[in-house]
Amino acid sequence: MKKIGTVLKFEYRGYIKSKSFIITTIIFVAVILILSQIPRFMGTFDDIGSFIGGGEKQKALIELTGDARDGSFPSLLSVKHLNEATGGMYDWTIYGVAESDSGKATTTTPDPRKEIGEGKYDIVVVYGGSARYKLYGKSQDFSLLTLSSMLDPLFTSIARTVKMSGMSAEQKAKVKGVLDTTVVGKVETVGGGEAENNFWLAYVMLYVLFMTIITYGQFIVNAVVNEKSSKMMELLVTSARPIELMFGKVLGVGMAVFTQVGAIAAATGVSFALNVDTWEKQIPEFREMLSQMNISLGLFVFFMLFFLAGYFLYAFICAAVGSTASRVEDAGSVSTLPMMLAAASFLISMISMSNIDAAYVSVLSYIPFFSPWIMFARLCMASATFVEATIAVAILVVSVVFFGWLAAKVYRVGVMMYGKPMKLTAVVKAALRA
Amino acid sequence: MIKAENLVKTFGEVRAIDGLSFRVGDGLAYGLLGRNGAGKTTTIRIIMNFFGADSGSVTIDGVPAPSSKAKIGYLPEERGLYPKRVILEQMVYIGVLRGMAKRDAEGRARVLLGKLEAGEYTNRRLDTLSKGNQQKIQLAIALISDPDVIILDEPFSGLDPVNARILKSIVREQVDEGKTVIFSSHQMSQVEEFCDEICLIDRGRGVLEGNLKEIKRSYPRDTLYVEAYGAGDIGALLRSGAPGAAIGAVEQGGGWLIKLTAPEKRKDVLAALDAAGVVPEVFSVKEPTLEEIFVDKVGGEASSGEGADGDADGGGKKRSFRLFGGNRKAGRVAS
């Protein structure tokens with residue numbers, strides 16, 4: 001164990017002191033700092049829409065139901081109001097109440113999914129005058145987040161106005177909830193299940209996990225192959241047990257990963273926090289957008305669990321495959337297997353976001369190599385419960401232990417072999433015999 | 001005491017080590033000598049437990065090598081360190097992996113680098129050093145944990161004469177401190193002066209083992225080296241002054257090498273020189289060099305092996321040491 005610590009420290013120090021590590025970290029942090037300063041450079045935006053979306057206007061429909069059809073609402077919720085709130089990015093139509101400046105009006109309530117599915121509208125908002133509204137859009141439409149953050153203040157201000165306009169006690173009671181709680185928007189994508197507003201978060205985090213694993217997985221493969229090709233291995237394996245060398249290396253690179261990702265995350269947090277006022281001047285909804293970004297603690301915990309376990313699962317496999325190559329030129333080809341697995345998992349999770357409740361997605365979300373992405377995606381899209389995620393994490397942890405053990409065996413045999421890279425199956429067989 | 005008994009190691013079809021046995025006493029320099037591919041490195045890797053032998057055993061002070069707690073310093077044949085890392089850092093790393101406290105490892109690293117005249121490189125990156133200096137760092141790492149047993153695989157390859165001398169003096173120093181140094185080499189002339197004992201390996205088998213001085217003595221003492229300034233052609237002088245004493249004489253390095261018909265003919269040579277009024281500056285028995293012994297042993301068996309494959313130990317083989325035949329025989333070895 002002590003030797004694992006020694007190897008870990010040596011590897012960690014090697015990475016964080018290396019030029020490439022320092023330079024990439026600085027570049028990332030610099031880019032984030034610059035991005036966070038954008039509002040200072042750009043002055044005012046005439047139109048939020050031009051900044052966030054731009055291009056052709058999307059066709060949007062708002063359906064008023066229940067209390068929202070009350071007589072007081074038309075004066076508060078008109079196409080003009082909606083255009084102001086959404087920066088003129090949408091071509092609004094109101095269903096539910098006939099009012100003066102709304103072209104079309106009807107009392108029927110169309111099915112939002114059908115409207116979007118048939119392509120009549122890009123966006124459908126269902127608002128019942130309560131603290132909640134529901135936003136329907138096409139899956140993978142990133143503007144839904146922006147839209148919901150623009151609608152929240154509108155609905156909040158409507159509720160406030162309704163209260164202050166001296167309504168009956170009965171009506172006040174109905175809108176009380178709106179004032180006491182922040183308006184909660186629900187986003188539903190057509191062709192997908194119901195999800196909290198954090199499906200975009202899933203994209204970001206799945207991508208972060210993918211990039212981390214392929215980048216640092218390749219680091220590990222290269223480090224092992226370099227040690228072999230620089231003939232360091234003979235000295236090392238006669239000084240420490242291969243299993244200690246492997247664990248030390250995987251943990252050392254792991255710590256370097258968390259240092260870098262942590263530095264970038266901290267830079268992001270600090271720089272945006274410092275600039276939040278500047279941002280807000282340009283985009284009044286910025287604070288709202290930020291609050292939308294707040295993920296729940298549970299989701300964060302699961303992200304960390306999947307991130308850690310996923311990293312170690314792939315890191316062990318990378319160490320094992322790296323040990324089968326002797327030359328730097330072979331490093332790329334031996335790492336194909338883990339890289340393909342990670343890429344496949346990432347792509348499947350991306351694709352499955354639009355069809356998150358499919359049976360194959362549920363099955364894959366429990367399989368160790370895929371679960372860090374797919375189960376996390378399901379969790380974000382509210383397709384899986386925390387209980388299901390816990391089961392997936394448990395399976396993942398068990399397989400991390402198993403693959404750690406297997407990788408150590410392969411590593412022990414692999415690092416002492418020179419010449420052409422052996423087939424992984426042959427090495428595994430040899431490792432299990434040894 | 002390191003004892004290897006009946007080691008056998010095969011790689012696929014190749015029998016790299018084929019029943020090799022030897023023992024290395026404490027506090028001496030022991031040379032595992034042989035041609036390329038004789039099995040020296042394989043033997044060392046078995047001792048280091050880099051891999052196990054198919055059969056046979058290695059014990060260190062009576063304990064099987066894999067479970068021995070003896071401190072072993074190792075200079076692998078496959079030289080390599082981290083090119084991008086600072087030298088002191090790497091030395092301390094290996095020292096700590098070998099069970100040292102960090103501070104001790106650092107102190108020892110500085111002392112060793114000083115001894116190796118490499119102190120100025122302490123805080124340099126390895127890849128800024130020349131090959132020869134990198135070799136020195138390798139050696140320092142082998143000695144970092146102040147080991148009881150030091151195993152050096154081909155320590156001289158790649159060293160210039162100055163660095164080879166530094167290496168030799170350090171090895172000697174270790175031996176004088178009572179450490180056991182085992183090293184392999186195929187460059188006989190390089191290691192001759194500090195081998196206490198040798199094991200000649202050929203095709204995975206030990207063909208000659210023992211104390212080098214004794215081995216040399218075991219060869220007939222029938223060659224003289226004589227330097228006598230102004231004596232002219234000593235060969236001619238002996239033909240007339242001591243007929244039947246010498247087979248021949250050749251001039252070499254300022255003196256004469258004289259091959260006697262029998263060791264006791266030395267007296268006759270001395271008498272003949274005296275009679276001719278020649279006072280020799282140097283008059284000594286020329287012992288066979290390690291290289292000559294090597295060629296005699298391995299070269300001879302290489303040729304006998306052609307006819308009787310697998311019978312390299314053939315008991316009644318005659319010693320074919322020939323003073324002036326070294327080159328010719330060496331040529332045969334290579335063919």
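Strands are DSSP runs of E that hold at least two residues, and they are numbered from the N terminus. The legends below describe a predicted model.

Figure 1. Is B:Gly248 buried, partly exposed or exposed? The relative accessible area of B:Gly248 is 24%. Buried would require a value under 20% and exposed one over 50%, so B:Gly248 counts as partly exposed. Once neighbours within four places in sequence are set aside, the contacts of B:Gly248 are B:Leu257, B:Ile258 and B:Lys259. B:Ala236 is 12 residues from B:Gly248 in sequence, and the C-alpha atoms of the two residues are 9.5 Å apart in space.

**Figure 2. The interface of chain B and chain A.** The contact involves 19 residues of chain B and 20 residues of chain A. About 2200 Å² is buried between chain B and chain A, and carbon and sulfur atoms account for 63% of this area. Which residues of chain B lose the most area to chain A? They are B:Phe50, B:Tyr93 and B:Leu97, which together contribute 32% of what the chain B side buries.

**Figure 3. Helix 15 and helix 20 of chain A.** Helix 15 of chain A covers residues 297–322 and helix 20 of chain A covers residues 386–414. Their axes lie 8 Å apart, and the packing angle is about 20°. Angles under 35 degrees count as roughly parallel, so helix 15 and helix 20 of chain A are described as roughly parallel to each other. The crossing of these two helices of chain A, helix 15 and helix 20, is left-handed. Sorted by class, the residues in the contact of helix 15 with helix 20 of chain A are 21 nonpolar and 5 polar, with no charged residues.

**Figure 4. Helix 2 and helix 12 of chain A.** Helix 2 (residues 19–36) and helix 12 (residues 242–274) of chain A cross at roughly 15°, and their axes come within 9 Å. Helix 2 of chain A is therefore roughly parallel to helix 12 of chain A. The crossing of helix 2 and helix 12 of chain A is right-handed. On the side of helix 2 of chain A, the contact is made by A:Phe21, A:Thr24, A:Thr25, A:Phe28, A:Val29, A:Ile32, A:Leu33 and A:Ser36. Helix 12 of chain A contributes A:Ala256, A:Gln260, A:Ala263, A:Ile264, A:Ala267, A:Thr268, A:Ser271 and A:Phe272. In this contact of helix 2 with helix 12 of chain A, 10 residues are nonpolar, 6 are polar and none is charged.

**Figure 5. A:Ala325 in a loop of chain A.** A:Ala325 belongs to the loop that runs between helix 15 and helix 16 (331–334) of chain A. Is A:Ala325 buried or exposed? A:Ala325 has a relative accessible area of 0% and is therefore buried. A:Ser335 lies 10 residues from A:Ala325 along the chain, with 9.6 Å between the C-alpha atoms of the pair.

Figure 6. Chain A contains 21 helices and 6 strands, and 51% of its 434 residues count as buried. Of the contacts in chain A between residues at least 6 apart in sequence, 74% link residues at least 24 apart. Chain B has 11 helices and 14 strands, and 53% of its 335 residues are buried. For contacts in chain B with a separation of 6 or more, 70% are between residues 24 or more positions apart.

Conventions
Residues are numbered from 1 along each chain as its sequence is written. Chains are lettered from A and ligands numbered from 1 in the order in which they are written. This is a predicted model: local features need pLDDT of at least 70, side-chain atom pairs count only at pLDDT 80 or more; totals for chains, interfaces and linings use all residues. Side-chain values use heavy atoms; hydrogens and water are left out. Axes are lines fitted to C-alpha atoms, for helices over the stretch in contact, and angles run from 0 to 180 degrees between N-to-C directions. Helices (H or I, at least four residues) and strands (E, at least two) are DSSP runs, numbered from the N terminus. Angles under 35 degrees count as roughly parallel, over 145 as roughly antiparallel, 65 to 115 as roughly perpendicular and the rest as oblique. A crossing is left-handed if the near helix is turned anticlockwise from the far one by less than a right angle, and right-handed if clockwise. Ala, Val, Leu, Ile, Met, Phe, Trp, Tyr, Cys and Pro count as nonpolar, Asp, Glu, Lys and Arg as charged, and the others, Gly among them, as polar. Buried means under 20% relative accessible area, exposed over 50%, partly exposed in between (1.4 Å probe, protein chains only). Contact means heavy atoms within 4.5 Å. Buried area is the accessible area (1.4 Å probe) that two parts lose on being put together, summed over both.
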